[in-house]
Amino acid sequence: MTYNVSNKVSLSELQLYFSNDYIHFGDVINPPKASDRQVGIIWKLLSLTQDSSVLELGCGYGRITNRLAEKGAQVTGLDISPNLLKKAEADAAEGGVNVEYVLGDMRSLPWRDRFDAAFLWYTTFGYFNDADNERVLHEAASSLRKGGRLLIDNPNRFESLRHKFPVCSIAQRNDDVRIDIFSNDVLSDRQNLERIIVCDGRVRRTHLSYRQYGFSEYVRMLRSAGFETVEAYGEEGGAFTSDSSRLMVVAYK
């Protein structure tokens with residue numbers, strides 16, 4: 001058997017996937033109470049305080065960034081999708097919070113030694129090939145001050161291997177339906193997602209693929225990027241085990 005080691009998602013595929021359809025089902029997948037809870041986890045794992053300067057890479061429509069700003073953090077959000085950023089900015093204005101939103105590619109950041117903390121939340125790491133994924137970590141490290149912290153939240157690949165693929169997940173908002181079909185490529189360590197949207201009587205399809213790294217791989221990559229210490233946590237910021245549904249990595253520069 002052979003596989004394509006350069007398998008990755010193109011920028012056009014990312015922009016198509018993270019479109020208005022993504023926003024449309026947002027509160028169904030992550031209700032406000034769930035987002036509030038996740039913000040609490042991020043705040044704790046990154047040891048944030050009021051006035052901490054924080055960067056979210058892949059901030060989407062701002063469901064986390066705007067909440068962090070409400071808690072007093074000085075937040076910057078970067079994303080590749082103009083549509084998602086437009087929604088993030090509108091919600092920030094409606095909520096009366098000040099967030100700097102930037103359209104850009106996480107593989108090439110404009111900041112150096114600026115932030116106290118940065119994070120990639122809800123499976124926003126691993127879209128690219130290995131070289132570009134590591135480039136994201138180097139860029140994140142460069143954006144942080146000495147002593148800065150980086151948080152990455154991704155699925156635990158060991159737990160996912162217990163599932164019998166393909167796995168199907170369905171979300172519904174009124175008469176609109178989102179169907180996600182997950183498959184696992186054990187040769188390339190990537191999880192693939194085919195998404196079918198049925199909305200307003202029309203059917204749309206998008207694709208996403210992300211690399212699944214184990215903790216030892218994170219340690220190697222993060223130390224190469226300039227981080228000194230790397231810690232692992234499970235979902236909700238608890239102890240990480242092979243049964244944990246999420247792997248949360250915190251690295252200290």
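Buried means under 20% relative accessible area, exposed means over 50%, and partly exposed lies in between, with a 1.4 Å probe and protein chains only. By that rule, C59 counts as buried, at 5% relative accessibility. C168 counts as partly exposed, at 49%.

This is a predicted model, in which local features need pLDDT of at least 70, side-chain atom pairs count only at pLDDT 80 or more, and totals for chains, interfaces and linings use all residues. Residues are numbered from 1 along each chain as its sequence is written, and side-chain values use heavy atoms, leaving out hydrogens and water.

**Cysteines**

A disulfide is a covalent bond between the sulfur atoms of two cysteines. Here it is taken as a pair of cysteine sulfur atoms within 2.5 Å. The structure holds zero disulfides.

Strands of a sheet pair through backbone hydrogen bonds, either parallel or antiparallel. Helices (H or I, at least four residues) and strands (E, at least two) are DSSP runs, numbered from the N terminus. Two strands pair if DSSP finds at least two bridges between them.

Seven strands make an open sheet in the order β3-β2-β1-β4-β5-β11-β10, and the pairing is mixed. β3 and β10 stand at the edges with a single partner strand each, so one side of each has no neighbour in the sheet. From one strand to the next, the twist averages 15 degrees. Axes are lines fitted to C-alpha atoms, for helices over the stretch in contact, and angles run from 0 to 180 degrees between N-to-C directions.

β10 and β11 pair in the antiparallel sense over five bridges. In this pair, V230 stands opposite A251 of β11.

| Helix | Strands touched | Angle between directions |
|---|---|---|
| α6 (residues 82–95) | β2 and β3 | about 170 degrees with β3 |
| α9 (residues 215–225) | β5, β10 and β11 | about 25 degrees with β11 |

**The four-stranded sheet**

Another open sheet has four strands, in the order β6-β7-β8-β9, with antiparallel pairing. Its edges are β6 (167–173) and β9 (202–211), each with a single partner strand, so one side of each is left without a neighbour in the sheet. The twist averages 15 degrees from one strand to the next. Seven bridges join β6 to β7 (residues 176–185). Q172 stands opposite V177 in β7.

Terms used:
Contact = heavy atoms within 4.5 Å.
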